[in-house]
Structures are given as C-alpha cells and as structure tokens.
Amino acid sequence: MQDVTTEKKEFTPNIVAFCCNWCSYAGADLAGSSRLSYPANVKIIRVPCSCRVNPTFVLKAFQQGADGVILCGCHPGDCHYVTGNYYTRRRMALLFNFLNYMGIEKERTRVEWVSAAEGQKFSAVMNDFVKTVTELGENKRLTDLRVKEGE
Amino acid sequence: MKDVELKMLERAKALLESGEVARVIGWKKGEFIYDPAPASFETVDELKDFVYNWFCGANLSKYLIQASKKEGKTAVFLKPCDTYSFNQLVKEHRVKRENIHVIAVECLGKFDVAKIKAQGVSSIVDVEVQNKEVKVKSFGGETVLNKPEILLTKCETCQKTHQVKDEEIILHDRPERDVNRFAEVEKLEAMTPDERFAFWREQLQKCIRCNACRNVCPACSCVKCVFDNPASGIAAKANDDKFEEQLFHIIRAFHVAGRCTDCGECSRVCPQNIPLHLLNRKFIKDIDGLYGEYQAGETDEGKTPLTSYTENDIEPTDAVNGEAK
Amino acid sequence: MIEENLIPKIGVITDVRKDTPDVKTFRVVGTDGKKLFKHMPGQCAMVSVPGVGECMFSITSSPTNEEYMEFSIKKCGCVTEVIHSLEVGQQITVRGPYGKNFPVEEDFKGKDLLFIAGGIGLAPLRSVINYVRHYRSNYGKVVIVYGARSKDDLVDIEEIQNEWMNEPNTEVYLTIDRPQEGWDGHVGFVPAYVKELGLNPNMTAVLCGPPIMIKFTLAGLLEIGFDKSRVYTTLELRMKCGIGKCGRCNVGDKFVCKDGPVFRMTELDELPDEY
Amino acid sequence: MLKIAKERLNELYAKISESMGLFIPIKKGGEVNYHVWGEGKEVSLETLKTVKSPKNMFFPQTENMMKFKTEGKNIEILEAGIRKQGDELKPFVAFGVKACDYKAIEVLDKVFLAEPVDTFYQARRNATTIVTLACSKPEESCFCGVFGIDATNPQGDVSTWLDEKYLYWQANTEKGETLTSLASELFEKGGETEVEAQKTSTKAVLAQLPFANLDLSRFKPENLNELFDDTRWEEMSEACLGCGTCTFVCPTCQCFDIRDFKTNDGVIRYRCWDSCMYSDFTLMAHGNSRTTQMQRFRQRFMHKLVYYPSQNDGLYSCVGCGRCVNKCPQNLNIVKVIKTLGGKKND
C-alpha cells in the first residue's frame with residue numbers, strides 16, 4: 001500500500017471539504033478575510049447543513065479523485081436546524097468506522113465542528129488535515145481508476 | 001419436521017377454507033427436496049404442492065409488501081428470523097399489518113445444499129436430522145453429516161426467537177444458544193488495515209452486480225433504488241472497476257444500517273458467496289457498541305439508531321480511533 | 001481500420017428549428033459538411049451527446065435530400081432534454097442507419113397512399129412523404145391526415161402548408177384535439193376524423209403516433225374496409241445497440257431495431273402484444 | 001491422442017502463457033471462475049461449473065468501447081473499438097471449457113457474428129483457441145443432453161479428458177495443432193482406451209440424471225403466441241426477485257447496456273451486461289413495454305426457448321448447464337419452466 005513513498009515530495013492531495021452554510025462556511029470566510037491561510041487544494045462544497053452530506057457524497061468525492069474528505073458543521077447543540085449535526089455525528093461515526101473496517105485509511109476522513117467565529121480553527125483544521133493526508137499519500141483504495149485515466 | 005409441515009398445512013387449509021384469508025404465502029415443492037420456492041397459495045387444491053422442510057431458508061417477509069396491498073388478508077409462515085424483518089417492514093409502513101395473518105413456525109436451522117454437495121454428496125433424496133447428526137439419503141446411499149457444517153451461514157449464529165405478538169405459533173421456539181455472531185467481524189477488526197483491505201478486495205472482486213442481495217433484502221424496500229435512478233449519479237452496472245463494487249456494497253450496507261435485522265439473506269443468495277452479512281454485522285456491532293444494544297425488528301415501533309441521537313454521542317474521530325468498542 | 005458497427009460518426013448541428021413548444025428539428029451534417037450516410041424512409045439513427053446518453057430517433061428528412069439529415073425530437077427524457085439545449089455548431093455523434101424502411105420501392109409503388117400521423121408521429125412519416133413527393137409519378141393519390149393536441153403542436157406546419165398542400169393529386173387534412181382561437185380547421189381526434197373523411201379503402205395506409213391513437217385509428221380503418229395487409233406502422237421500444245444484439249427491443253421473436261421499426265399490421269398480429 | 005501427466009500441467013500452463021494469455025478455472029476468494037493463469041494460482045479443472053460461465057472471455061461483463069474528448073462544441077472520438085490504435089488482440093487460450101459452455105459459444109456466435117457483426121466480440125473470438133474438457137462427474141442439475149450436447153465428447157480446437165493421473169489431449173483444428181506444438185515435449189502418446197472407458201461410464205451417469213428426459217417438444221416457433229399467453233407464467237414467476245443472477249451466470253445470456261462514464265478529462269462509453277430481469281431494462285422516457293416481473297420473467301424464458309430458436313433454425317439458447325438451477329436465490333429456473341410448459345413427457 002505504501003508504494004507511493006517515492007512521489008511523496010511532489011504529492012499535493014485533493015481535499016474536499018463539505019462545509020455547512022451557517023457555521024463552517026462562514027468560518028472559512030472569516031479565515032479568508034482574516035488572512036489566515038489554508039491550503040489551496042482544499043475544495044469547499046457548501047451544504048445547507050452537515051447532515052445534508054450522505055455517504056454517497058463522501059464516496060463520490062473519493063471516486064472523483066479526492067484523497068481526503070472532511071465535513072465541517074456547527075458545534076453540536078448549535079445547529080441552525082437544531083438537530084442536524086447530531087445525526088451527522090452518528091452517521092459519520094458509523095461510516096468512518098466502516099471504511100476503516102474495509103481497510104480504507106481512517107485518516108482520510110474527518111468531521112470537525114467549526115463555528116462562524118472560528119476562522120482560526122478552520123485554518124488550523126485544514127492545515128492539519130492536509131498535512132495528515134499528504135503524509136498518507138494518494139488515495140488508491142477508494143478511487144475509480146477510470147477517472148484518473150489520462151492524467 | 002414432517003409434523004410441523006403437517007400442522008402448517010392444516011392451518012393453511014383451514015384459513016383458506018374458512019375464507020379468513022385470501023391467500024397463504026409459504027413454500028412450494030421443487031424438483032428436488034432442496035429447491036422449494038416461495039409461493040402463494042390461493043386454493044386448497046394448490047396446497048398439494050405445499051412444503052416445509054430443512055431447505056426452506058428463504059425469508060418470506062418481503063413478499064408481504066406486495067401481498068398486503070392485495071384484496072383480502074394474506075397468511076404467511078414466518079420463521080423466527082423472518083419475524084424481525086416483518087416487524088421492521090411494518091414499522092416502516094411498507095407492509096399493512098392489518099392485512100397480514102402471521103403464523104410463526106419453528107425453525108431449527110436450514111441447510112445449504114451447496115455445503116452438502118461440497119461434502120461430496122449429490123442427488124439428495126431426503127434428510128433425517130437427529131440433534132447434530134444429519135443422515136443424508138441420496139442415490140449413492142446414506143451419508144451422515146455434521147449439522148453445524150451444513151447449515152446456511154445465516155443459521156450458524158442465529159439466536160433469534162419469535163417476535164410477533166398476538167399471533168399463532170406452531171410448535172415451540174428453538175432453545176436458546178450461546179454463540180457470538182460477531183466473532184467473524186472481530187476477526188476482521190483484529191487484522192491490519194492492509195489485511196482487511198486485501199480480504200474485502202478479494203471478496204468484492206467476485207461481485208457480479210446481479211443485485212440479488214439488494215432484491216432479496218427485506219430492508220431494501222425502496223420503490224426506486226438509488227442504484228436504479230439515473231439522476232442519482234451512481235446508477236451504473238459497470239463491473240470491472242473495483243470502485244463500483246465498493247461503492248455499491250458500502251452504500252447498500254449503510255442504507256440498511258440500523259434497519260438490518262441480520263436475517264442473512266444477502267449472503268444466502270449471493271451467487272459468488274461473498275460474506276455480505278459481515279458488512280451489515282459491522283454496522284450492527286458498532287451501533288451496539290457506540291449507542292447501546294439495538295436489535296432491529298424486535299418491535300414494530302420506535303426509532304432506529306440512525307434516526308435518533310443523544311447529545312453526548314461519541315465524536316466520529318474518537319469512534320474510528322477505537323475510543324469506544 | 002475496419003468498420004466498427006457500434007462506433008458512431010461525428011455530426012455537426014447546422015440548424016435548429018423550434019417546431020412546437022416541445023419539438024425541435026435539428027439539421028445535421030458530417031464534419032466534412034456532407035451528409036453522414038445514406039438512408040431510406042423509415043430508418044432510424046442513434047444520436048448521442050457523450051456523457052449524457054444515446055437514443056434512437058427516426059430520420060425525418062427524406063433520402064432525396066442529399067445535403068443533410070434532419071431529426072425532429074420531442075423533449076421527453078434526460079437525453080432529449082439535453083439535445084434541446086444544443087445550439088448550431090455543436091457536435092453530436094450519430095450512427096446508423098438502422099432498421100427496415102417503408103417499402104417505397106416495392107409495395108408502395110403505383111399505389112394510392114394514406115398517411116396518418118399524430119403529434120411527433122409525423123417525424124418518420126415526413127421522410128416517406130417527401131420521398132413520395134420527389135418521385136411523385138411513381139405513386140398514385142396521396143392523402144395525409146395529421147392531428148395534434150393544438151395548432152401549436154403541429155410539427156413542420158410551414159412545410160405542410162406551403163409545400164404539401166400545393167402538391168398535385170394530394171390532399172392534406174389537419175385536425176386538433178380541442179377548439180382553439182385562430183384555428184378554423186377541423187377539431188377532433190384523428191381516429192374519428194379518419195372515419196369521417198370517406199376514404200377509399202383500397203389505399204395503402206401508414207400510421208404513426210401514440211399507441212392509443214394507432215390502436216383506435218386502425219380499428220377505424222378496418223371498419224371502413226381497409227385491409228390489414230396494406231396498413232403499416234412504425235414501432236418504438238427501448239434500444240441500445242441498434243443492431244439486434246443488446247436484447248431489449250424485441251416483440252416476440254422480432255427485434256424492432258433490426259426487423260422493424262416498420263411493420264405491416266398483419267406481421268404485428270402474429271406477434272405477442274408486448275409493445 | 002496425446003496425454004500429459006497431471007503433475008506436469010503447471011508446466012503446460014507456463015509454456016502456453018509464454019506466448020498467449022491463458023484463461024482457466026481458478027479458485028479465488030473461495031469461488032472458481034475463469035481467470036488469467038499465473039504462477040501460484042489455484043487451478044481447478046475438476047470444478048464442474050464455474051460460477052460465471054466462460055462467456056466473459058469474449059463478452060466481458062464490462063468493456064470500454066470508445067472515449068470522447070469534448071472541447072467547446074467539438075467532439076473527438078478516441079480509442080474507438082477493440083483494436084485501439086490498430087493493435088491486434090493478443091491471442092489467448094480458453095482452457096477447460098465444458099461441452100455445454102462450448103455449445104453456448106456457438107449460441108453467442110449466432111448473435112454477435114450475425115450481420116452487422118459485433119467487432120468487439122469477433123476480435124476476441126478470432127484470437128481464441130478453445131481447449132474443451134469432457135465432464136466425468138455430471139451432477140443432478142445438468143441437462144445438456146436434452147439439447148443434444150455430448151458432455152463426454154466436447155468439440156473445440158482441442159478436446160481433453162481428465163482422470164486421476166492424466167489429461168488426455170486431442171487436437172481437432174489447426175489452431176489446436178499449433179497450441180500442441182507449443183509444448184510438444186510435455187506430451188506422450190496414448191490414452192484412447194482410458195478416454196473410451198471414461199466416456200462409457202459418464203454416459204451411463206448422464207442417462208440417469210433426473211432432468212435427462214425433459215420434453216421440449218412444445219417449444220416451437222408456431223406455438224409462440226400460445227406459450228406467450230399461457231396463464232401459468234404468473235405463478236411461475238411470482239417468487240422472482242427480479243435480480244440478475246440467472247442472466248449473469250448463464251452462458252448464453254447476451255443482453256447488454258451501453259452507458260457513458262464521465263472521467264476527469266472526457267467520457268468513456270462502455271458496455272456492460274444487462275439483464276432482462278431488471279425493471280429498467282426496457283424503460284423509456286414515455287413508458288415501459290414490460291412493466292411487471294411476470295413479463296420480464298416470461299421474456300427471458302421465451303427468448304431462450306422460443307424466440308431465439310425461431311430466429312436460429314431451432315437452436316435453443318439454453319445449453320442445460322444448470323447454473324440457474326443452482327444459483328437462483330428463490331429456486332426458480334428454466335427446468336421448472338420446461339416442465340410446466342413443455343411437452344407430454346414432463347407430466
């Protein structure tokens with residue numbers, strides 16, 4: 001599996017971040033306007049609530065070439081829709097455990113709670129996640145070979 | 001088994017004759033002793049082909065989705081494990097409870113004919129079971145086999161008891177057993193990620209995308225499956241790329257998480273013998289471990305683990321890192 | 001390289017005409033500006049937008065048009081929806097021609113012809129009608145009965161009014177389902193209209209339209225003395241390959257893509273009712 | 001006739017693999033299917049029925065047909081067809097094909113090689129040398145004899161027979177001879193007596209199989225409508241789940257779908273097996289010609305027993321391999337259909 005070591009230096013992972021509209025997306029905004037940097041290879045997808053993300057989204061992101069997928073939502077208890085992120089928490093706990101069970105590196109997936117005021121946290125989380133995934137290398141276990149053809 | 005079959009037949013006859021039910025769903029004789037097929041009997045005359053034997057492994061509960069929409073009541077024979085699926089279907093409003101007359105029937109495990117054949121016995125004519133000994137009569141003579149070795153995989157670890165209320169039950173429940181149904185899951189968990197990956201890769205590569213697991217699954221009761229919906233972006237029938245099979249099986253397992261009763265039909269029907277139940281059992285085990293013991297289908301009401309929450313649920317990262325087992 | 005049957009050619013859309021609120025006619029040529037391939041009236045082609053899907057459409061232009069092909073396409077599903085969004089200059093892929101054509105060079109020759117179409121059902125008939133007009137002397141009298149939901153749903157109305165209606169020895173009857181402002185023509189369904197027209201039952205008839213229209217029109221024709229062996233229709237079923245291999249467009253032992261889409265009513269009678 | 005000791009078969013496989021691809025029944029993940037041979041692979045010639053039939057050698061479950069690259073309004077077709085960039089397909093050997101599966105290839109040929117030819121199939125078919133293997137232990141779900149197939153004497157480029165000690169080898173065609181010459185040093189002469197003895201004893205078993213006398217006499221083109229309208233389709237199909245198991249394990253089912261897949265830089269158009277048992281098989285934007293599972297079930301068996309023979313001089317598109325008998329999740333199968341609708345002998 002770790003046969004990607006030789007290319008590690010040049011490897012920049014594709015990261016998909018699903019951010020809830022109300023907290024985390026605003027957090028990302030704040031990070032931007034506060035000139036806090038986070039890597040450019042983080043592609044943010046805005047969702048109305050973290051619980052809008054169903055497992056298919058996560059897998060589809062991996063299929064299309066993501067090396068890591070992170071979900072960001074409001075802190076538990078602060079959901080704009082009151083309870084959405086509680087469901088997210090259960091779903092993703094089960095999904096991530098399951099992916100791990102199938103031998104897919106558990107470091108590739110993560111859930112973080114980032115409020116609209118936590119620009120700093122957003123930037124830190126993204127930097128850390130990108131670092132983790134970069135060290136892990138390219139996603140080879142949950143990707144579609146056809147997508148990467150011709151690259 | 002013969003006496004159970006006789007009692008079932010009597011009940012079926014009585015129910016049809018009295019007009020209490022319009023049809024009875026049970027099993028119909030096949031070409032051999034081991035290939036009974038699910039069938040619906042509408043007249044006493046049709047019951048001449050009725051059969052209940054050691055090979056009636058099919059779960060009949062899913063047929064009730066259609067049957068309960070028909071005119072008149074439907075009687076159905078459900079084994080202990082099937083009653084869980086039935087409850088779950090009632091809970092999800094897929095089956096109209098008032099249109100169904102459940103007759104719970106005894107089951108002491110069902111046999112997998114492929115496992116018998118794998119032991120070199122073919123042309124099976126009859127089986128006789130005494131405790132753990134199975135006398136298999138065939139053209140070639142008589143062979144004694146060890147019962148646990150020829151059970152359907154789903155029966156190997158079954159501890160289920162009847163879960164239907166206010167209905168008739170034919171004969172006693174099976175004695176309680178002490179088996180760990182998660183043993184295989186634990187074995188996989190104990191492996192390294194690389195080993196697990198290799199295991200599932202080898203298994204899922206066998207998948208031929210026949211959809212038998214989905215179509216037989218009582219929890220897969222969607223009117224239109226996401227994999228059949230061109231607008232979903234994941235409807236595909238491609239088979240050569242490893243991702244497609246992973247995607248299908250991960251999503252399918254997730255979609256039934258918290259609703260899967262562990263009836264084991266997915267593994268029974270898989271033409272390539274992929275141990276699909278180990279996917280669903282992982283979810284069951286995790287739900288038990290993370291959110292408290294839960295058995296889908298134990299009742300026909302209440303919320304499932306994925307449609308409820310507590311404020312102090314474990315964080316996904318902690319769950320993955322094994323903070324709680 | 002040898003000819004691969006399932007590999008399409010590239011076509012370029014050179015004109016888009018909006019016929020009705022949900023029907024557009026696309027003019028297509030090859031990348032060299034010439035017609036993609038020869039065909040006969042009634043034959044079909046597989047048109048696709050890569051990444052969206054491939055569908056079978058009847059070629060609505062006449063074979064006698066040697067410059068381009070036309071497809072009249074009704075917006076009714078995922079692929080047609082995308083096709084409707086295409087503009088002039090856009091490339092698409094086309095393969096064909098597929099299927100049996102109308103027997104214009106055999107059974108139709110020298111006969112009086114009756115064409116009955118409903119809605120988008122005119123698309124395959126337009127090809128035959130224009131073919132017959134081109135070789136006008138080979139055929140007898142031509143009667144065209146065409147109906148649609150409203151006057152706005154009549155496909156190719158300009159060509160019908162400006163050309164077909166002025167053709168010698170040709171009668172054109174138009175009808176719409178419900179009365180409408182600005183329409184002084186006939187109002188009523190096609191099957192009933194056909195019975196009113198006092199048609200000569202010795203004509204050879206060609207029917208195309210929604211299944212329900214075909215069913216009732218056929219019954220009407222038989223009532224006024226038409227013989228089934230001289231009534232033709234063209235079928236449509238789901239198709240993928242177009243060459244009788246993918247296994248889905250069969251009616252009994254006949255494949256619509258290969259043995260059809262043109263069938264004589266007597267042939268259909270021998271097949272199970274599953275279309 | 002030639003023979004080769006069983007212990008030396010690996011040498012034969014290695015020899016063949018030097019210059020050709022070798023597809024052979026291999027046990028992988030507990031199940032035996034046709035895979036490409038390689039050192040250390042667990043070959044299982046003894047397996048009577050591979051789960052999937054060998055048809056995927058010629059008609060893979062999924063194959064890319066072409067790629068599209070789109071730029072603005074323009075489309076470019078790349079890698080069109082099986083001979084991508086003009087390459088000829090590498091020749092390969094299909095090893096251990098049973099008589100029923102070999103007959104199934106003939107059934108597929110009539111579909112794919114009929115005009116207009118399916119060039120993908122044709123290229124693979126031309127590149128193959130087929131080594132068949134006689135059955136010596138048929139089992140109760142086998143009924144190839146009903147379709148006039150002799151399981152003890154399969155055809156093909158090379159016919160082989162296997163016993164405890166040897167694989168007996170008989171080249172039938174030029175292709176077969178060429179294959180033999182690749183590894184001539186591994187063969188020795190002889191085996192006629194053993195092969196004849198095996199044929200006789202297997203034939204005795206075949207004659208006694210429970211389905212050996214199925215009566216097909218009613219499945220004729222002239223009974224098409226009568227069979228189609230039979231009211232018993234309803235009860236025969238009521239347990240059908242609408243899965244594709246029977247079609248995907250069947251050696252003669254040939255329905256496929258053509259679909260597009262978007263990649264990062266274009267579109268792949270691929271074809272893959274499809275099943276007439278699926279509800280979306282005939283679904284169109286404006287309707288579906290087969291809306292019930294009964295209609296789909298009927299389509300499958302009518303196609304095998306009536307429609308196909310009607311188009312192909314009476315050749316049935318079932319070869320009696322019995323895979324559907326073993327694999328249908330709910331124990332429905334073609335035998336039950338034949339017994340219900342077939343001729344008098346079945347009663």
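Reply: Let's take strand E12 of chain D, residues 266-273, in this predicted model. E12(D) is mostly covered, with six of its eight residues buried.

What does E12(D) pair with? One partner is strand E4 of chain D (residues 62-71), which pairs with E12(D) in the antiparallel sense over six bridges. E11(D) and E12(D) are joined by a hairpin, and the link takes two residues. While you're tracing the side chains, keep in mind that in a regular strand they alternate between the two faces of the sheet.

Chain D puts 34 residues in contact with 32 residues of chain B. On the side of chain D that touches chain B, at least two residues each come from helix H8 (245-249), E11, E12 and helix H11 (334-341). By residue class, that side of chain D splits into 13 nonpolar, nine polar and twelve charged.

The peptide bond from D:Glu115 to D:Pro116 is cis, with omega near -10°. D:Pro116 sits in the loop between helix H2 (99-112) and helix H3 (119-126) of chain D. Over in chain C, there's a cis peptide bond from C:Gly96 to C:Pro97, where omega is near 0°. C:Pro97 is part of a strand, namely E6 of chain C (residues 91-98).

Chain B has a couple of asparagines worth a look. B:Asn211 isn't a glycine, yet its phi is positive, about 70°. You'll find B:Asn211 in the loop between helix H8 (193-204) and helix H9 (212-216) of chain B. Is B:Asn211 buried or exposed? B:Asn211 counts as buried because 26 other C-beta atoms lie within 10 Å, and the cut-off for buried is 20 or more.

B:Asn273 has a positive phi too, near 50°, and is likewise a residue other than glycine. B:Asn273 belongs to the loop between helix H11 (265-269) and helix H12 (277-291) of chain B. With 18 other C-beta atoms within 10 Å, B:Asn273 comes out as partly exposed.

Technical notes
Residues are numbered from 1 along each chain as its sequence is written. Chains are lettered from A and ligands numbered from 1 in the order in which they are written. This is a predicted model: local features need pLDDT of at least 70, side-chain atom pairs count only at pLDDT 80 or more; totals for chains, interfaces and linings use all residues. A residue is buried if 20 or more other C-beta atoms lie within 10 Å of its own, exposed if 12 or fewer, and partly exposed in between; C-beta atoms are placed from the backbone. Helices (H or I, at least four residues) and strands (E, at least two) are DSSP runs, numbered from the N terminus. Two strands pair if DSSP finds at least two bridges between them. Two residues are in contact if their C-beta atoms, placed from the backbone, lie within 7 Å. Ala, Val, Leu, Ile, Met, Phe, Trp, Tyr, Cys and Pro count as nonpolar, Asp, Glu, Lys and Arg as charged, and the others, Gly among them, as polar.
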